Amino acid sequence: MKNFLSLADVTDLDALIQSGRDAKASPFADQQLGKNKTIGLIFFNSSLRTRLSTQKAAQNLGMNVMMMNVGQDSWGLEMEEGVLMNGDKAEHIREAAAVIGRYCDIIGIRAFAELNDREKDYREQVMNQFAKYARVPIVNLESATRHPLQSLADCITIEEAKATSSLIPARPKVVLTWLPHFKPLPQAVANSFCEWMNARARSGDVEFVVTHPEGYELAPEFVGDAPVIYNRAEAFAGADFIYGKNWSSYAQYGQVLTQDPSWAVTMDDMNRTNSGKFMHCLPVRRNLKVSDAVLDGPQSLVIEQAANREWSAQAVLKEILKTL
Ligand code: SN0
């Protein structure tokens, strides 16, 4: 694997999921692989799981880890080409990426959607500029449009649940449901989840449906062939996994169109599923998006899902290290 920017960088998804599960069973089996190799983790936005799980995964592989918060610890970075740099950004991505690439064997980058200009966000400028100028492999730690390490952890979590519960069928029904929130959030987690679940649906490993209020349609390239069911109760019926996420509108880009509290997931909703499990990438705002009872009950997989971020990062770093 040369870069890990999206699902397109994965040649064998089944093998990558298995590699994550193998890492979980035997975390230090590849300690020599990353010896004397350095990963730089560059954050333009806040992080809890991504930061800690990627650091841990790299250390499990014997790597050295460096971290930086752009803007706080470093100079503000200019991403545009050919501009007069007389604003607040003191350093250009051309130099910054090239220099970080000289210190690091792999660079992980988190740069959320700004949610002002759809064309700009969906062009993935930050990720692409790093990939262009760093000259070392780039790992997406959540970009403007995707969060593939999360999606891989979600795949691992679903396969693990299938393997450990006789109640979950071989081809479970997985439902992505929109949740209410007062703040405009990126579409990245939902986009990626669709991209990866559509692949899992094509290989016969899940049945995948999406439900959200009208106006919250995701970009067509991410929804793909997944059925979109506006009737929430209909979508939840018979579900084995409910995957909750808030996102802002793609059509009316970055807007909060409704905060309808009836879209928050409660025990009444879970009781309408097939003894379904609840998933969320975290952070989650309790009782705004999901009730305490759902998060604290046996149906919640959110902590295991977050734990699996370590193994998804380890599987990806291992694939990249093998090519260095
Ligand atoms: C981010 C998002 O993309 O939705 C990161 C998820 C991994 N989530 C948030 O920004 C939540 C912020 C909030 O105030 O609830």
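Me: Which strands does helix α7 lie across, and at about what angle does it run to β8?
Reply: Keep in mind that we're looking at a predicted model. Helix α7 covers residues 188–202, and it lies across β7, β8 and β9. Its angle to β8 is about 150°.

Me: What is the strand order in the open sheet of four strands?
Reply: The pairing in this sheet is parallel. At the edges sit β8 (207–211) and β10 (277–279), each pairing on one side only. Neighbouring strands are turned by 20° against each other on average, direction ignored. Reading across, the order is β8-β7-β9-β10.

Me: Which residue in β9 is the bridge partner of Val-175?
Reply: Strand β7 spans residues 173–178 and β9 spans residues 241–245. These two pair in the parallel sense over five bridges. In β9, the partner of Val-175 is Ile-242.

Me: Which helix packs on the sheet and touches β7, β9 and β10?
Reply: Look for residues 148–164. The direction of this helix makes about 160° with that of β9. That's helix α6.

Me: How many charged residues are in the shell around the ligand?
Reply: The residues surrounding the ligand include Phe-112, Cys-281 and Arg-285. By class, the shell has five nonpolar residues and one polar, and the charged ones number four.

Note on methods:
Residues are numbered from 1 along each chain as its sequence is written. This is a predicted model: local features need pLDDT of at least 70, side-chain atom pairs count only at pLDDT 80 or more; totals for chains, interfaces and linings use all residues. Side-chain values use heavy atoms; hydrogens and water are left out. A residue is near a molecule or strand if one of its heavy atoms lies within 4 Å of it. Ala, Val, Leu, Ile, Met, Phe, Trp, Tyr, Cys and Pro count as nonpolar, Asp, Glu, Lys and Arg as charged, and the others, Gly among them, as polar. Two strands pair if DSSP finds at least two bridges between them. Axes are lines fitted to C-alpha atoms, for helices over the stretch in contact, and angles run from 0 to 180 degrees between N-to-C directions. Contact means heavy atoms within 4.5 Å.
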